[in-house]
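My notes follow in the order I made them.

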2 protein chains.
Amino acid sequence: MNKLLSESLATATAGVSLLHDALLNQGVSTQAVEWSPPLGGKDLHDVMADQRRSVANELALSKMLNSGAVLVDVKPASEALNLGRGEFLHAGPPIEWSRASGPMRGALIAAMLYEKMADSAEAAELILEKNGVALEPCHHRGAVGPMAGVVTPSMWMFELQDPSTGNKSWCSLNEGLGKVLRYGAYSPEVIERLDWMRDVLGPLLQVGVRAREEHIDVRAIISQMIQMGDEGHNRNRAGTLMFLRDLLPFMIEGGTSSDVARAARFVGGNDHFFLNLVMPACKLQTRAAENIPGSTIVTVMARNGTDFGIQTSGTGNEWFIGPAQTPHGLYLGNYTADDANPDIGDSAITETAGIGGFSMAAAPAIVRFIGGSVPDALATTRRMYEICEGENPTFGIPVLEFRGAPTGIDVTRVLRTGILPQINTGMAGKVAGTGQVGAGLVTPPMEAFTAAITGLATRIV
Amino acid sequence: MNKLLSESLATATAGVSLLHDALLNQGVSTQAVEWSPPLGGKDLHDVMADQRRSVANELALSKMLNSGAVLVDVKPASEALNLGRGEFLHAGPPIEWSRASGPMRGALIAAMLYEKMADSAEAAELILEKNGVALEPCHHRGAVGPMAGVVTPSMWMFELQDPSTGNKSWCSLNEGLGKVLRYGAYSPEVIERLDWMRDVLGPLLQVGVRAREEHIDVRAIISQMIQMGDEGHNRNRAGTLMFLRDLLPFMIEGGTSSDVARAARFVGGNDHFFLNLVMPACKLQTRAAENIPGSTIVTVMARNGTDFGIQTSGTGNEWFIGPAQTPHGLYLGNYTADDANPDIGDSAITETAGIGGFSMAAAPAIVRFIGGSVPDALATTRRMYEICEGENPTFGIPVLEFRGAPTGIDVTRVLRTGILPQINTGMAGKVAGTGQVGAGLVTPPMEAFTAAITGLATRIV
């Protein structure tokens, strides 16, 4: 005691500034440490104390790592998903027309015109306003859709299967960039392209896929593309090229040469074509980890342009929602931040599976493109390891000495660290009909994670 | 003087160990510094003092950086290079049959069988022993050939042109790996494959290349592949895929579907196919820097399996020679180091142009494949900057924050630092007929550089 009083004191404070200010007022030199109590309060405490959690999360990670994804077929959504006339799927958690954002409305209008359920945008809006179409999230059918993610019965879908579970997942064919349905555009060129995709591209892809003796291993291609500068969300160039290499010879043998040549140019000219195969592969990975009681691992992150929703393994298909944030990034042409709609699309399934923004270190060209640096890319991936249950050796990141992609977002880690998942994304114009305005980075709202911890806490037995 | 004697001495020695040993014998603590006098002696001194050198080397680099390479045609060597019956080209500096290594002999035998100049290996050897065929280096015709690099009149060649100079360069079509002519194999499967390449693949590539309105920009593809995990010598996967993407639609429109499908499978199944376009593109780059009086920049590094030869800008087409070294690396199947032939092929033109081993940092998968680490790859590229005149911003290396590839090997820097160029390479079996036994790393003999400095010194005006 004597010693403590006779020597000069070194003090540090943490949390609220009250103590720090009081010490300064008394002329005591002190150091303030930035700290705030973890979010989630008693619910987080209870979930952390849940005896099932640790093993449940290990199992969830293990199931993710053991999952696979092969391309088994290409066919219309009417066949693949039993989607009937007047039924549309969309990205993100459930939403109705009245709360839908501009690009979601634009995509639904395009869908009405494409399905010949209306002959003008105005006529389409009237029907949609009166809830004349049944809307349902893609995720409710095991499917995923980029951006607005609108799927109609006549659209052709990739059908992927996970050999480890038998589960299937689906995604529509990628339309390219710019004025396209999934970004909310509905001009005649959009519908004409969709018509060609229905009449020519879809059937040709089907011919190729069905002619192959061995299924194309989408997961193996993802493993390769991660070594070729792609992160599988905003960059899919190598993946698209490997897909073309594996399928085109069979399309050449089975199609007419002018159609095949046009299809080859369309796919080869669209570096994002393979995204629509990466997404259902990632869905199969996270789906393998669904419904494990006590597991706090995130199995879905998805946005509809208004809300951002997540699902966790331990809470089944319940959505936990917060407001969708607006991405920051690079804008096309004369567009600015004012033109951008809040975050939209099921493509955050890539981050949920450990690639995309989580594997930014694999794709330094992206971060450089939007004004960042290579160290930024490395720092992003390193930060994501802090909120993940483990690593995926199948997706080895070259610059990190082939360390596996950070995999299995743990809700408790997000709340304890305050680190939000990093998502790479495209940006849709907020006015219906605009199309793409840019690409950039975004994070989910913390509300979705605090809601999820409450959902997990209520399920403790 | 007083102070020097009164205080304890700190000593260091450099160079030969005589002084170091003498001090130790007298009980004086001392530190030996590793140092050896630069190689090249008075010739190096004279060349360093040459007033033209600095500007000449700047010009050589500038011409390399401004060069381009587009694919203008595909045609038989008889047309492209006016190669007549009984005339063969080969890799590296000049060589005759009596001094030729096993793989060079095997390739020449294969060439005789392919051209129907002999009906058995024994008959072919008899003719070759009697110098019944005219042998000439590829480089003497502005061409380049991987491994044995043997070119015969009936082989189809890529024809590339540099828009900045009008120069042309050529390379044969890549046969794939394993049992192939360029690795010295001559079994019936080798000849059958070459026959198909002559009768089907070559003409189809010609149809595609001639149908395109715009020439394929090979240099632009190299710029992209460097961002996709390829270093352009031992890894050409992304390059091959981009080449297929750009050419295949035109082949589909111009060929019969069964031929095109087979060609697409052949090219898509051979990650090295694009090497034979990278090599002439690199030749055009270094050729742009040829014949600048006073320049000490290396314009050719090439091996024939016996000798390693270099050429420099300031010495025109004179060869400076040393013994070819045996690469270290990974062996296929049951092959060992005992099976490997010394270094062979014109493919070191890639390193001469700043990619391949010089851009190892762009392709960590390669160094990992042969047991090294990602830091090894970075260290290799960083070391190469020390012997180069500058950097090529067109070939930006992602992990080095897109720093340009180390470009323009300077003979004086090689001699002053003792750092030899790092070359990635395939390994041929030393017994004629074997084919490929592995892939690995190698350096040139220092003798070639000391000979070059003498050649440069004698040309000082």
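**Entry: a helix in chain A**

I started with helix 4 of chain A, residues 53–66. At 1.5 Å a residue, its 14 residues should span 20 Å, and the end C-alpha atoms are 20 Å apart, so the two agree. I keep in mind that this is a predicted model.

Next I asked which residues of helix 4 of chain A are buried. I found A:R53, A:A56, A:N57 and A:A60. A:L61, A:K63, A:M64 and A:L65 are buried too.

What do these buried residues pack against? I noted two helices of chain A, helix 3 (41–49) and helix 12 (275–287). Strand 14 (388–397) and strand 15 (403–409) of chain A are also packed against them.

**Entry: how the copies are related**

I then superposed chain B on chain A. A rotation of 180° does it, with 0.0 Å of shift along the axis and an RMSD of 0.1 Å. That is why I wrote down a two-fold axis. In chain B, B:M228 has the C-alpha nearest the axis, 2.1 Å from it. Both copies use the same surface: 100% of the contact residues of chain B recur in chain A.

**Entry: the contact between the chains**

I looked up the contact residues. In chain B, 28 residues are in contact with 28 residues of chain A. On the chain B side, helix 10 (237–254), helix 11 (257–268) and helix 14 (364–369) each give two or more residues. Helix 10 of chain B gives the most, nine residues. By type, I logged that side of chain B as 17 nonpolar, six polar and five charged residues.

Methods: Residues numbered from 1 in each chain as written. Chains lettered and ligands numbered in written order. Predicted model: local features only at pLDDT ≥ 70, side-chain atom pairs only at ≥ 80, totals over all residues. Least-squares fit on C-alpha atoms with pLDDT ≥ 70 in both. Contact = placed C-beta atoms within 7 Å. Helix = DSSP H or I, 4+ residues; strand = E, 2+ residues; numbered from the N terminus. Nonpolar A, V, L, I, M, F, W, Y, C, P; charged D, E, K, R; others polar. Expected span 1.5 Å × (residues − 1). Buried ≥ 20, exposed ≤ 12 C-beta atoms within 10 Å, placed from the backbone.
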